[in-house]
Amino acid sequence: MNHEPYSSRRARVAAQLGEGGIAIVPTAPERARNRDSDYLYRHDSYFYYLTGFSEPNAWLVLTADGRSLLFCQPKDLEREIWDGIRLGPEAAPAALGVDEAFSVEELHQRLPQLLENRTTVWWPFATHTGLEGRIDGWLTSVRARVRYGALAPEGQRDLCAILDEMRLVKDAHELDIMRRAARISAGAHVRAMQRSAAMLRAGQDVREYHLDAELLHEFRQHGSQYPAYGSIVAAGANACVLHYRADNAPIRDGELVLIDAGCELDGYASDITRTFPANGRFTGPQRALYELVLASQQAAIDATKPGARFTDPHEATVKVLTQGMLDLGLLDKHQHGTLEDAIANRHYFAHYMHRTGHWLGMDVHDVGSYVEPSEIGQVSERTDPLSGELIKDRPSRILRPGMVLTIEPGLYVRPSDKIPKEFWNIGIRIEDDAVVTETGCELITRDVPVEPDAIEALMR
């Protein structure tokens with residue numbers, strides 16, 4: 001394993017801890033699913049970001065002078081027969097590039113010694129249940145030694161503040177993994193599209209779980225460890241449920257299918273949504289709504305560039321979608337007024353109720369503030385036209401090269417007497433993953449097509 005990216009990240013964190021600072025980062029616990037069976041283990045993202053180490057029951061300690069200490073499971077032949085080979089503390093320094101490693105069984109004994117005479121202890125706030133209590137216990141042990149001259153840290157700081165800013169801008173190592181994850185996920189979407197059309201042509205009973213199976217097969221076939229999130233495979237009206245999960249509903253000839261699915265590869269997520277005709281041919285109304293969503297996505301893509309605000313792609317999407325809703329009769333011009341009126345009063349919200357994107361990285365909804373840090377003190381207030389709630393607005397994040405975000409406009413039409421019937425029960429979302437570059441953005445998920453003609457050709 002190349003431990004250079006992780007070593008350099010640890011050094012960057014250490015440099016920000018301040019004189020006398022110390023940081024404590026645990027990995028995720030194993031979680032019981034039911035009797036004698038655990039959920040498939042997944043490491044903590046912060047811990048993995050700093051170590052590249054995916055075993056459970058491990059802790060990282062960093063000090064301001066740049067030293068890194070790992071606590072991990074000791075070698076244990078009997079347990080390894082059951083649970084797999086452990087790296088062990090003896091091999092960890094060479095394998096991971098840490099300065100020292102100890103058995104995790106020594107954690108409780110060594111942590112008070114490490115905290116003694118430190119000024120500030122940093123740890124990721126509100127991420128691990130019980131962590132605050134454990135740190136309190138170690139600090140209590142330090143305070144018990146004050147009569148012997150020991151000093152306890154006077155400050156506690158949130159390590160997420162440092163790590164979130166670092167994780168927001170991806171390095172070349174991360175972008176390489178994310179591009180590979182995106183290619184695998186695109187291939188899975190292609191497979192699902194083709195399977196849907198082929199099964200319908202053969203007169204077979206097609207269910208959402210058939211397409212879910214194609215996704216899972218393609219993910220694992222290419223080395224992905226697991227899905228980055230619960231895959232959405234939504235047929236027909238189910239596509240109007242935003243967080244619908246693949247179930248056993250039939251996929252019918254003449255309906256659309258919405259698939260929102262992405263794999264996780266080596267700790268990094270991908271996130272793709274495609275909407276396609278189950279039989280491989282769009283109807284007129286389906287194509288009209290689809291081309292509107294696609295046009296709104298292109299407007300958002302054009303707005304995704306360095307120097308732009310994170311909110312710019314969303315505002316570009318809303319403008320195109322709202323005009324389209326007025327043109328197609330999803331919004332009544334007499335009732336909702338001009339484009340500017342419909343946007344100001346958020347009338348589009350009935351058919352488009354989510355944001356156009358989010359940060360993407362180790363977590364599918366990745367860390368990083370959506371507010372520009374240098375402008376955080378600039379606050380304006382407004383009243384939401386739909387809820388009446390008072391909202392405090394701060395300047396949106398300025399996009400910079402290396403940031404990765406999704407671009408995912410959608411349109412969801414439930415039955416209503418006010419809407420042309422040919423659009424009822426159509427749900428469409430188109431989502432790609434974008435890396436902000438020096439000149440604009442790079443879409444890393446376009447190995448699966450989005451143009452309606454290209455989708456039809458693929459499914460033939």
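Predicted model: local features only at pLDDT ≥ 70, side-chain atom pairs only at ≥ 80, totals over all residues.
Good morning, colleagues. I will begin with the overall picture. The protein contains 14 helices and 21 strands. Its radius of gyration is 25 Å, close to the 23 Å that the globule rule gives for 460 residues, so the protein is as compact as a globular protein of that length. The C-alpha trace spans about 80 × 55 × 40 Å along its principal axes.

Let me turn to the first of the sheets. Strands of a sheet pair through backbone hydrogen bonds, and the pairing may be parallel or antiparallel. Here six strands make up an open sheet with mixed pairing, and their order is E6-E5-E4-E1-E7-E8. At its edges are strand E6, residues 100-103, and strand E8, residues 155-158, each of which pairs on one side only. From one strand to the next, the twist averages 20°. Helix H5, residues 107-115, packs on this sheet and touches E1, E4, E5, E6 and E7. The direction of H5 makes about 165° with that of E5, the strand at residues 68-72.

Within that sheet, I would draw your attention to one pair of strands. Strand E1, residues 21-26, and strand E4, residues 59-63, run antiparallel and are joined by five bridges. Which residue of E4 is the bridge partner of Pro 26? That partner is Trp 59.

Four bridges connect E17 to strand E20, residues 432-436, in the antiparallel sense. One of the residue pairs to inspect is Val 404 with its bridge partner in E20, Val 435.

Rolling a probe the size of a water molecule over the atoms shows where empty space is left. How many cavities of 30 Å³ or more does the count give? The count comes to one. The largest cavity has a volume of about 60 Å³. Its lining consists of Phe 310, Pro 313, His 314, Arg 355, Thr 356, Gly 357, Leu 405, Thr 406 and Ile 407. Helix H11, residues 311-328, and strand E17, residues 404-407, each supply at least two residues of this lining. E17 gives the most, with three residues. By class, the cavity lining has four nonpolar, four polar and one charged residues.

Finally, I come to the open space. The largest pocket holds about 510 Å³. Its lining comprises 19 residues, and those that lie nearest its centre are His 314, Arg 346, Tyr 348, Arg 355 and Arg 382. Two or more residues of the lining come from each of H11, helix H13 (339-344), strand E15 (380-383) and strand E16 (390-393). Which element supplies the largest share of this lining? It is H11, with four residues. The pocket lining divides into nine nonpolar, four polar and six charged residues.

One link between the two spaces deserves mention. His 314 and Arg 355 line the largest cavity, and these residues also line the largest pocket. Thank you for your attention.

Note on methods: Residues numbered from 1 in each chain as written. Heavy atoms only, no water. Pairing = 2+ DSSP bridges. Axes fitted to C-alpha atoms, helices over the stretch in contact; angles between N-to-C directions. Contact = heavy atoms within 4.5 Å. 1 Å grid on protein atoms, 1.4 Å probe; cavity = no way out; pocket = protein on both sides within 12 Å on 5 of 7 lines; lining within 4 Å. Points joined across faces, edges and corners; volume = space filled by probe spheres on them. Nonpolar A, V, L, I, M, F, W, Y, C, P; charged D, E, K, R; others polar. Rg over C-alpha atoms; globule rule 2.2 N^0.38 Å.
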